[in-house]
Amino acid sequence: MQSDSPKEVSCKALDPIFHYAKQNHVDLNNLILGTPHELLFYLNKRERIEWAVWCKIISNARKYFSALEFEEMGVQFLNSGSYLVGLLPAFFLFSSTKLVRILSRSINKTSTSMFSCISQKIEFVTANNVRITVILDEGHEFCPEFFFISKGYWGGLGSKLGHKNFKLNLQIKDMKGIFDASWNEESFIFKIKRGL
């Protein structure tokens, strides 16, 4: 955790963890033990931290939360209404594969601005099935909770769009997470809503 290391993670990415911890009466100071900054620094959304600091905070959080609870962090944070900026990219990603091919660079920028040490690849498997592969850069500590939180958040976004039987499956392999999103054929009414 050297100070000259690249600051690859926005402190905004800590919001789901801190929000969930508060909901479950976990002292946030316990989550930042052994990290280089005070709590006020981490609460400043304009600041950035090293990936190693993010991993240390996650490591501290493992004492309090299970893998399923890390996934729930993403869902609860989305439902809190605190950060809905992903709703528009998710609308295109999980609704219109023709349009998302044009907008895929913008969608990738939204995620990589939060975590500059990850890259994404979007594949359109069928009309109602999208595969998003999220890859952690080489040389970085592996942190599966990153993928669990992402699954909760992206799964929650997909569900908010109103698709029937929306599903988001996660497979973690090596340094990457493979998210497979699928849903039922869109109804005529849903297509009208989308057009509006």
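Predicted model: local features only at pLDDT ≥ 70, side-chain atom pairs only at ≥ 80, totals over all residues.
## A chat about buried residues and crossing helices

Visitor: Nice. Where does Glu-50 lie?

Guide: Glu-50 is in the loop between strand 2 (48–49) and helix 4. Its C-alpha is 4.4 Å from that of Lys-7, although Glu-50 and Lys-7 are 43 residues apart in sequence.

Visitor: Let's move to helix 4. At roughly what angle do the axes of helix 4 and helix 8 cross?

Guide: Roughly 80 degrees, and the axes of helix 4 (residues 51–61) and helix 8 (residues 144–160) come within 10 Å. So helix 4 is roughly perpendicular to helix 8.

Visitor: Which residues make the contact?

Guide: On helix 4, Trp-51, Trp-54 and Ile-58; on helix 8, Glu-145, Phe-146 and Ile-149. Five residues of this contact are nonpolar, one is charged and none is polar.

Visitor: And the largest nonpolar core, which residues touch the most other members there?

Guide: Tyr-42, Trp-51 and Trp-54 do, in a core of 49 residues. As a general point, nonpolar side chains tend to be buried together in soluble globular proteins.

Visitor: Switching topic: is His-140 buried or exposed?

Guide: His-140 is buried, with a relative accessible area of 19%; the cut-off for buried is under 20%, so His-140 falls on the buried side. This histidine is found in the loop between strand 4 (129–136) and helix 8.

Visitor: Which backbone oxygens lie by a polar atom of its side chain?

Guide: The backbone oxygen of Asp-137 lies 3.2 Å from a polar atom of the His-140 side chain, and for the backbone oxygen of Glu-138 the distance is 3.3 Å. Beyond neighbours within four places in sequence, His-140 is in contact with Glu-8, Trp-51, Cys-117 and Met-175.

Visitor: Last one, helix 1. How many of its residues are buried?

Guide: Seven of nine, so to speak a mostly covered helix, spanning residues 15–23. The buried ones are Asp-15, Pro-16, Ile-17, Phe-18, His-19, Tyr-20 and Ala-21.

Visitor: What do those buried residues pack against?

Guide: Helix 2 (28–31), helix 3 (39–43), helix 4, helix 5 (67–79) and helix 8. Helix 1 is followed by His-25, which has a positive phi, near 55 degrees.

How values were computed:
Residues numbered from 1 in each chain as written. Heavy atoms only, no water. Axes fitted to C-alpha atoms, helices over the stretch in contact; angles between N-to-C directions. Helix = DSSP H or I, 4+ residues; strand = E, 2+ residues; numbered from the N terminus. Parallel < 35°, antiparallel > 145°, perpendicular 65-115°, else oblique. Contact = heavy atoms within 4.5 Å. Nonpolar A, V, L, I, M, F, W, Y, C, P; charged D, E, K, R; others polar. Buried < 20%, exposed > 50% of the residue type's maximum accessible area, 1.4 Å probe, protein only. Polar contact = N/O pair within 3.5 Å; in protein donor to acceptor, adjacent residues only side chain to side chain. Core = buried A, V, L, I, M, F, W, Y, C linked by side-chain atoms within 4.5 Å.
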